[in-house]
Amino acid sequence: MITIKYYKVSDVFLTYNEVHSLKKLENSNTIKNSKHIDRLLRYELIQLNYSQLSPGNMPTHNGTFSITDFGKDYLLYLRKFNRMKFFEWVRYLITTAIAVIALIRTFLKP
């Protein structure tokens, strides 16, 4: 019996190296064996590439991987999430700078 797992992109948490491998796959379409592919395969972010050398034979794994649509969606989600985090950090930086300037000005007034 085959069980299919469905994940939301917000439920997937990858390490920096796994995200880096996924980004390399997005740019080059295929990548040779990498250390960080086990979880990418398990989350179905990448897939094995198969080739059929001669007609009538079973396809065999050719040692490369390619990114799936879910993997592309995950990278888009990650970019959007990082952009939102950056804008929150900028907002925090501006409000903190205004508060510090106001505090310094209170000490400078006679």
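A residue is called buried when its relative accessible area is under 20%, exposed when over 50%, and partly exposed in between, using a 1.4 Å probe and protein chains only. By that rule, 23% of the 110 residues in the protein chain are buried. The model is predicted, so local features need pLDDT of at least 70 and side-chain atom pairs count only at pLDDT 80 or more, while totals for chains, interfaces and linings use all residues. Residues are numbered from 1 along each chain as its sequence is written, and side-chain values use heavy atoms, with hydrogens and water left out.

The protein chain has three helices and two strands, in the order α-α-β-β-α from the N terminus. These elements are DSSP runs numbered from the N terminus: helices are H or I with at least four residues, strands E with at least two.

A nonpolar core is a set of buried Ala, Val, Leu, Ile, Met, Phe, Trp, Tyr and Cys residues joined through side-chain atoms within 4.5 Å. The largest one has 16 residues, of which Val 12, Leu 14, Leu 22, Leu 45, Ile 46 and Tyr 74 touch the most other members. At least two residues of this core come from each of α1 (16-28), β2 (60-67) and α3 (69-108).

Contact means heavy atoms within 4.5 Å. Leaving aside neighbours within four places in sequence, Ile 46 is in contact with residues including Leu 22, Leu 41, Phe 65 and Thr 68. Among contacts in the protein chain between residues at least 6 apart in sequence, 56% join residues at least 24 apart.
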